[in-house]
Amino acid sequence: MDCRTAHARIGEKADGILPRDAGEELSGHLSGCPSCAAEDAATSATGPLLRALVGIRAAEKAPALDAMWTRVRAGIEEGREAQRRPRWIARWVWLSAAVALAVFTFLFYPTGADRSPFHPRSFDVAVEDVESEAGTVALVDKGEDLPRVIWIIEDGKT
Amino acid sequence: MARRNLTARPGVPALSFLLLLLPVLLAAVPSEAANTVSVEIGVVYASNEGTSMDPALGTLRGKLQSMFNYTSYRMLDRKRRSLAVGEAGEFELPGRRMMRATPLSAEGNKVRLSIQISDGPKNLLTTTLGLNRGGVVLVGGPSHQAGVLILIISAE
C-alpha cells in the first residue's frame, strides 16, 4: 500500500466505513510509515475533539434552550386549554337545553289522552236550554247507557 | 386532577336548572287545572258510504251503531282546549262551521258548558249543558258530503 492510498483509507477509517481486511492492510502500512501514522493519529483525534466542543457549546446554551422549551410547553398548554374551554361551555349549554327540553316535553307534550279512543265515564247530561235559528232541534235520550244526543234538523235536511 | 374537575362540572348547572324549573312548573300546573275545564271535541263523519268504523271512537262505536242507522263512522278531527270559566274556546268544524264552548261556573264534579255552533252567520245551535266531569254528549245533524257530522263533546 502506498501513502496516497493509506491517506484515503485513514479517512474511511475515521468515518467508520473501512472494511476489516483493508484496515489490517492499513495497520501494516502505518507500522512502517511514521508520516502516515501521524496523519492517522491526528485524524482519529478530530472526532472526540469535535464531540467535546459540541458538548461544551451545548452546556453553554442549555439554560437558554431550557427557557425556550418552557415557553414552548406553556404555549402548547395554553392552546389546549383554549380548545377545551369552548367545548365545555358548549357541552354545558347543550346539557341545560336538553334538560329544559325534557322537562318541557314531560309537562306539556300531549298525552295519550288526545289520541286514545273515547272512553266516556258518564252520559248524564242536563240540557238547560237549547235554541236554533237554522231549523229544528231534537233531544234524543235512549237510556242511561247511551249518550244523550242533540240532533239539529237543518230545514228538513236530516 | 384538572380533568376530574372538568368532568364533574357539567352535571351541576344542569341539575340546578332542573331543580329550579321543576317546582315552578309543577306548582303552576295543579292550580291551573283546578280552575279550568278541558273541553274536547271529536268530529265524526257518519254516512252510508262503506262500513268502516274508526277505532278512535273507542267504546262509543257500539253505541253509535245502536243509536243511528249509518254504516260508516270516521273521525275527521279531534281537538282539546283547556278553558277557564268564562273563557270561550273556538273549534273549527268542517264546512265553514264553528263551535264555541264556554265553561260556566259549576259546583263539585259538575261542568257547565255554553255551546254555540254556527254555520257562517247562521246560528245552528245554542245550548247550555250540565255534565259530570268525564261526561259526553253528542251533537249531530249538520250535513257533510254524503252524510252528517256528529260531534262528540266531552268535558274533564
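Reply: Start with a definition. A residue is buried if 20 or more other C-beta atoms lie within 10 Å of its own, and exposed if 12 or fewer do. The model here is predicted. In chain B, 28% of the 156 residues are buried.

Now the layout. Chain B has three helices and eight strands. Read from the N terminus, its elements run α-α-β-α-β-β-β-β-β-β-β. Chain B also makes contacts across its sequence. Take the contacts in chain B with a separation of 6 or more: 42% of them join residues 24 or more positions apart.

Next, the strands. Which strands form the open sheet of five? The order is β1(A)-β6(B)-β5(B)-β4(B)-β3(B), and the pairing is antiparallel. The edges are β1 (125-131) of chain A and β3 (89-92) of chain B. Each has a single partner strand, so one side of each is left without a neighbour in the sheet. From one strand to the next, the twist averages 20°.

Look at where the two chains pair in this sheet. Strand β1(A) and strand β6 (residues 122-132) of chain B run antiparallel, joined by six bridges. Pick out Asp129(A): its bridge partner in β6(B) is Thr128(B).

Now go inside. In soluble globular proteins, nonpolar side chains tend to be buried together. The largest nonpolar core here has 39 residues. Val137(B), Leu151(B) and Ile152(B) have the most contacts inside this core. Chain A takes part too: β3 (148-154) of chain A gives two or more residues to the core. From chain B, the elements that do so are β1 (36-47), α3 (60-67), β4 (97-104), β5 (110-119), β6, β7 (135-144) and β8 (147-155). Strand β8(B) gives the largest share, seven residues.

Set aside the neighbours of Leu151(B) within four places in sequence. Leu151(B) is then in contact with Ile41(B), Val43(B), Met99(B), Leu138(B), Val139(B) and Gly140(B). There is also a second, separate core of five residues, which includes Ala6(A), Ile10(A), Leu30(A) and Cys36(A).

Step back to the contact between the chains. Chain B puts in 47 residues and chain A puts in 41 residues. On the side of chain A that touches chain B, α3 (34-108), β1 and β3 of chain A each supply at least two residues. Helix α3(A) supplies the largest share of that side, nine residues.

Finish with two loops of chain B. Most residues other than glycine have a negative phi, and most peptide bonds are trans. Arg96(B) is not a glycine, yet its phi is positive, near 65°. Where is Arg96(B) found? It is in the loop between β3 and β4 of chain B. Is Arg96(B) buried or exposed? Arg96(B) counts as exposed because it has 10 C-beta neighbours inside 10 Å.

Gln145(B) is not a glycine either, and its phi is positive at about 50°. Gln145(B) lies in the loop between β7 and β8 of chain B. It has 11 C-beta neighbours inside 10 Å, so Gln145(B) counts as exposed.

Methods:
Residues are numbered from 1 along each chain as its sequence is written. Chains are lettered from A and ligands numbered from 1 in the order in which they are written. This is a predicted model: local features need pLDDT of at least 70, side-chain atom pairs count only at pLDDT 80 or more; totals for chains, interfaces and linings use all residues. Two strands pair if DSSP finds at least two bridges between them. Helices (H or I, at least four residues) and strands (E, at least two) are DSSP runs, numbered from the N terminus. Axes are lines fitted to C-alpha atoms, for helices over the stretch in contact, and angles run from 0 to 180 degrees between N-to-C directions. A nonpolar core is a set of buried Ala, Val, Leu, Ile, Met, Phe, Trp, Tyr and Cys residues joined through C-beta atoms within 7 Å. Two residues are in contact if their C-beta atoms, placed from the backbone, lie within 7 Å.
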